[in-house]
Amino acid sequence: MIGRLAGVAGLLGVGAVHQLPELPDWPWAAAAVLIPAALLGLAWYLGHRLGIRAVCVLPPAGAAGLLLRRFSLPIRLLRILAFWLLAAGLAFAITVFWAQQRLDQRLADDNVDRVSRVTLRVQGLPRLQPDRVRFEADVLDAHPTGVPPRILVSWSASGWRSPYAAAQPADPPFPEIRAGQVWRMALVLRPVRAAQNVAAFDYEGHAFAAGIRATGTVRGEPEHLHNDDWHSIAVVADRARHRIRQAMTPHLDGKRYGAVLRALAIGDQDGMGDADWRIFNRTSLTHLVSISGSHITMLSGAAALAAYWLWCRLSWRGRVLAERWPARRAAACAALITAWLYCLLAGWGVPARRTFMMLAVVAGAQALQLRLNGSRVLALAAVVVVALDPWSVLASGFWLSFAAVAVLLAVGRDATASSLVLDSQQGAVAVAAPPVVSRSGRWLRGLRLAARLQWAITLALAPALAWLFHEVSLVSPLANAYAIPVIELLVTPLSLLLAAVSLAPGLEGAAAGLACLAHGVLSLMMQPTEWLAGLPTLPVAAVPVWLYWLAAGGAVCALWPGSHALWPGSSTRQDSGEPPLGWTGRVGATVPAAVQSLWRRRRWAWLALLPMALWTPPRPAEGEWDLHALDVGQGSALLLRTARHAIVFDAGARHARDADEGARTVVPALKALGVRRLDALIISHADLDHAGGARSVLEAVPVEQTFSSFDLDRWLDRESRLLQAEPAPRPLAVSPCLFGGRWQIDGVSFEFLWPLDVRRERKGVQANAGSCVLRVRGKYHSLLLTGDIEARTEAALVQRGLTPADVVVAAHHGSRTSSTAPFVQAVRAQHVIVQVGRWNRHGHPNDAVLERWGQGGAVIWRTDWQGGINAQSTGTGLTVSSVLEWSRRYWHGGRP
């Protein structure tokens, strides 16, 4: 147990580094190692001087015995604590070293947003779309210098296409891109930048963990130089994956779940749409779509059985091979080699690495004839995975994968112990014959165990899933009950067989038949799955971190597999829940009876999940308001909350038919903040960077009323036709945002200051000039939301007697055609929020505009630099903060 907890301490040391806003200097990292080492040396010295060796069950009598009884336990505890701290300190220092090395691989400032001529080698499996190819690459040479060694390249087809247009194949088509190719390209390079919002996925951290330190966009016509097909094992594996994908594609084209079958075979999730991911996430089947540990275990187990069977029957020089080398070891080697090859073919993801390391530990223990239980295997695998990749702890798959296996081990161990107790109660003693259990009884016991496993995994992973997705699936046990056997025993083997047959020449008919069979089985399974995905889930808002830890701790206590794991040194009395007999002598004191009684009733620890599930985020008081200016790139999306109501002002941009900021940013923010319905959705004008996400917001949450400066119903109908989709849901009421419209809720007044009229359709400058302008007045502070109004509208507002506002969202993203001097002087804002995308083609925000606001005494907040902005009006004052102020990590450096 001490060694396993030392491994946990090391994981905590690695995780601590990844929570730092800045990396510490080397003296601090060295202190993290030297101080625990000094404590460990002191504890060893004191123990040596006092003669403390192993655990003293019966210390000697007299003064020496009294001295040992008094000091042996503290010194042993000091040794253990120092050992754990040393493990954490070593992990901390090593991670700081590697993180600093990667941090130094940054794009030089002189190369940012400029064309560089780069020679690169393609790595990984390219992500193919009809009009775009994206791939990772290793930089071999660059001019000018200062380019990171690993970049992400995007090669798009020429010509502009509407966000509503279906992706069309490039003309001329892209050349074949595969791993090992060496190209010379002209690239516009930029550092990795992504939106930063409250409780949202951090793509910058994901890219940093993958070693990607810059992105490049192709300019001109790249030149293919040569192929390095045998450069490394990774390149060879990626070439094989590319070849299999090419062979499978003709047989899967046009099939609804063809991308899922390809993902099951080679881990290629490219092509799976948002609708597919939404179904799998809401039913907790995502682990089956990726190359999970169960897939690898199944394949390696089959290889082990085949190797064992052959090894026991083949002979060489008159002797069976099993006589020369044990068949079990041969089977373990075959399983390990098969798992390694399949992990390479699957892309070497975190779940694959975890499974391979566990199999490697088991195979090593088999070869060395060591006895290792499941928890030791799991702990060793976790340590090795993190030692090889310190950034693996940033992946959600790391925690979900290891936690799921830990739950399986715990529940399986308890079930085995319970079965032994039940058999002994039925009279199965060493002398008597074992009881006869009918086939139906065995099936019933298996079904009970499967149901218990599903519920245990669902509840144990609920804290992690709530933290990631802000919702917990209630149908997960039912969906997994039928999906696991279907996918594991039917769909995955058929997909692997399809991949193998597709590579064989002359077997096109067999491959087509296998594709139809696999897709048919998967389609039948997905019919009830889609229905289950449509059922409500349990929404969980972003709660304080300590509530996640409380829920996780409750799950650990409830699933702890018997008292022997809690009370060190126990090997008996597992069914009683009591501490072992030798415990008193070991620590010099008995375990209190109250603690024993509480531990026997530890199933009540599941109640620790309730605070997380029932948490309600704090809301403003009467007369107060808070504003969340979301980071949506070059667009606008604002969430305004009062004591009991919520309003969204603009919904972000639409980027493509299946990608918009409403689904990507606004809806997750609503979930994180516990907003389950909107009282109003206000769309300032019909530009796509403000209205593009409206459809997704209407589909995700009930909306009571909409306001807009144009005919929103007609606009949504037109969008449905362009998307070839069902009509978007409609709110209970649809109203224009006309001048003079006002209402009051929760002690906060709302008033539209513009436009003076509503037209069915405005274009260009007219659309900006007709933007809705909303003034919000709370009990303590005021707020002005301006849309994309420009100089003429601002002059009209000033002429009509525009009053000051404490917080202003800068008009038209800080364009030079807005924020005129009279307007800035009239509003006299304390804080100005600029929603803008980094390196946007419009040049927003304009330097002269920022200077005017600064000279007016306002503090300027920019979403491209600081992420999402939160302004809170309370009785104690006006508070404005940014996401990166309290969630900055060391890889977010480089922002002004």
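**Close-up views of a predicted model**

Histidine 813 lies in the loop between strand S22 (807-809) and helix H30 (821-827). Helices (H or I, at least four residues) and strands (E, at least two) are DSSP runs, numbered from the N terminus. This is a predicted model, in which local features need pLDDT of at least 70 and side-chain atom pairs count only at pLDDT 80 or more, while totals for chains, interfaces and linings use all residues. Residues are numbered from 1 along each chain as its sequence is written, and side-chain values use heavy atoms, with hydrogens and water left out.

**View A. Two residues with positive phi, histidine 813 and serine 284.** Most residues other than glycine have a negative phi. Histidine 813 is not a glycine, yet its phi is positive, about 60°. Its relative accessibility is 4%, so histidine 813 counts as buried (buried means under 20% relative accessible area, exposed over 50%, partly exposed in between, with a 1.4 Å probe and protein chains only). Serine 284 also has a positive phi, near 60°. The loop that holds serine 284 runs between helix H7 (274-282) and helix H8 (286-289). With a relative accessible area of 17%, serine 284 is buried.

**View B. The disulfide of cysteine 737 and cysteine 772.** A search of the whole structure finds one disulfide (a pair of cysteine sulfur atoms within 2.5 Å). In this link, the S to S distance between cysteine 737 and cysteine 772 is 1.8 Å. The angle about the S-S bond is -55°, and the link is left-handed. Cysteine 737 lies in the loop between strand S17 (733-736) and strand S18 (742-745), and cysteine 772 in the loop between helix H28 (765-769) and strand S20 (773-777), so the pair ties together parts that are 35 residues apart in sequence. Cysteine 737 and cysteine 772 are both buried.

**View D. Helix H19, residues 545-559.** H19 has 15 residues, which at 1.5 Å a residue should span 21 Å (the expected span is 1.5 Å times one less than the number of residues). The end C-alpha atoms of H19 are 21 Å apart, which agrees. Leu547, Tyr548, Ala551, Gly554, Ala555, Ala558 and Leu559 are the buried residues of H19. They cover an arc of only 125° around the axis, so they lie on the same side of H19 (the arc is that of the directions from the helix axis to the C-beta atoms). An α-helix has 3.6 residues a turn, so residues three or four places apart point the same way. Val545, Trp546 and Trp549 are exposed on the other side of H19.

View E. Most peptide bonds are trans. Proline 144 sits in the loop between strand S2 (132-143) and strand S3 (150-156). The loop of proline 845 runs between strand S23 (831-834) and helix H31 (847-855).

**View F. Methionine 1 and arginine 376.** Methionine 1 is in the segment before helix H1 (2-17). Its relative accessibility is 36%, so methionine 1 counts as partly exposed. Methionine 1 and arginine 376 are 375 residues apart along the chain, and 8.6 Å separates their C-alpha atoms.
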